[in-house]
Amino acid sequence: MPPFCRMFSILVVTVFLASCLAMPIKDPYSYSSAVGQGGGTPFASYGEGRITAVRVWEINNNYYYNYNYNSNAYISGFQLRYGSTWSPVFGREGGEKQEMELFNDESIVEVSGKYNPADYICKLVLTTNMGRTLSAGLPNQVSFNFYPANMGNELRLLSGRFNGAGITSIGAHWGLVYMEGAGNSTLETALETVTPTS
């Protein structure tokens, strides 16, 4: 191979490698936009570390009226545990409670369910990376399905709105959890510790 071709090949490879290094890093966080009517008080769950347990309350008002079956099931409230600390209850503790405690290295990787555009979230299903689910409510109305945009991400928080009866809208925030020693912290906290400050 002539020296010119060899030098040209080295130049092409060098430019290619430099362009790969210059590519921006993907944002490690993503957001699944809220669904639902959205009336009431806004909320956003919060806590340090990984989500380790979930509680969801559901109201099932099923009845017959003039020989017609009516189902008015909805999610009245929920609570997340971060590490060993429970968040406040968002919504209210009304109706039947469903609870799931996550195993070590288990995380929530999908949030799905049904919502009524006129009022409440009707069904909420939380699925983990180990294939386990917590399911509350009844499958009525319009479907939604939230999952992270980036591989390896997990549920970090839920946000939305609630009123005096239940959850009127819900959205999901996804990200990485950085594990450091015995405690857990979010990737954002981890980046702050390695980023030099001026």
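How many bridges pair strand β8 with strand β9, and in which sense? Select residues 108-115 for β8 and 121-128 for β9: the two pair in the antiparallel sense over 7 bridges. Strands here are DSSP runs (E, at least two residues), numbered from the N terminus, and two strands pair if DSSP finds at least two bridges between them. Click Ile 108; Thr 128 in β9 stands opposite.

This is a predicted model, in which local features need pLDDT of at least 70, side-chain atom pairs count only at pLDDT 80 or more, and totals for chains, interfaces and linings use all residues. Residues are numbered from 1 along each chain as its sequence is written, and side-chain values use heavy atoms, without hydrogens and water.

Now widen the selection. The order β10-β9-β8-β11 makes an open, antiparallel sheet of 4 strands. β10 (133-137) and β11 (142-146) are its edges; each has a single partner strand, so one side of each lacks a neighbour in the sheet.

Next, select 154-162 and 167-175. These are β12 and β13, antiparallel and joined by 8 bridges. Find Ser 159: Gly 171 in β13 stands opposite.

The open sheet runs β1-β13-β12-β2, 4 strands with antiparallel pairing. β1 (30-36) and β2 (41-44) each have a single partner strand, so one side of each edge is without a neighbour in the sheet.

Finally, colour by pLDDT (the predictor's confidence in each residue, from 0 to 100). The chain averages 83, and 71% of the residues score at least 70. Over residues 180-198 the pLDDT is below 50. Where pLDDT is low, the predicted coordinates should not be read in detail.

Terms used:
Contact = heavy atoms within 4.5 Å.
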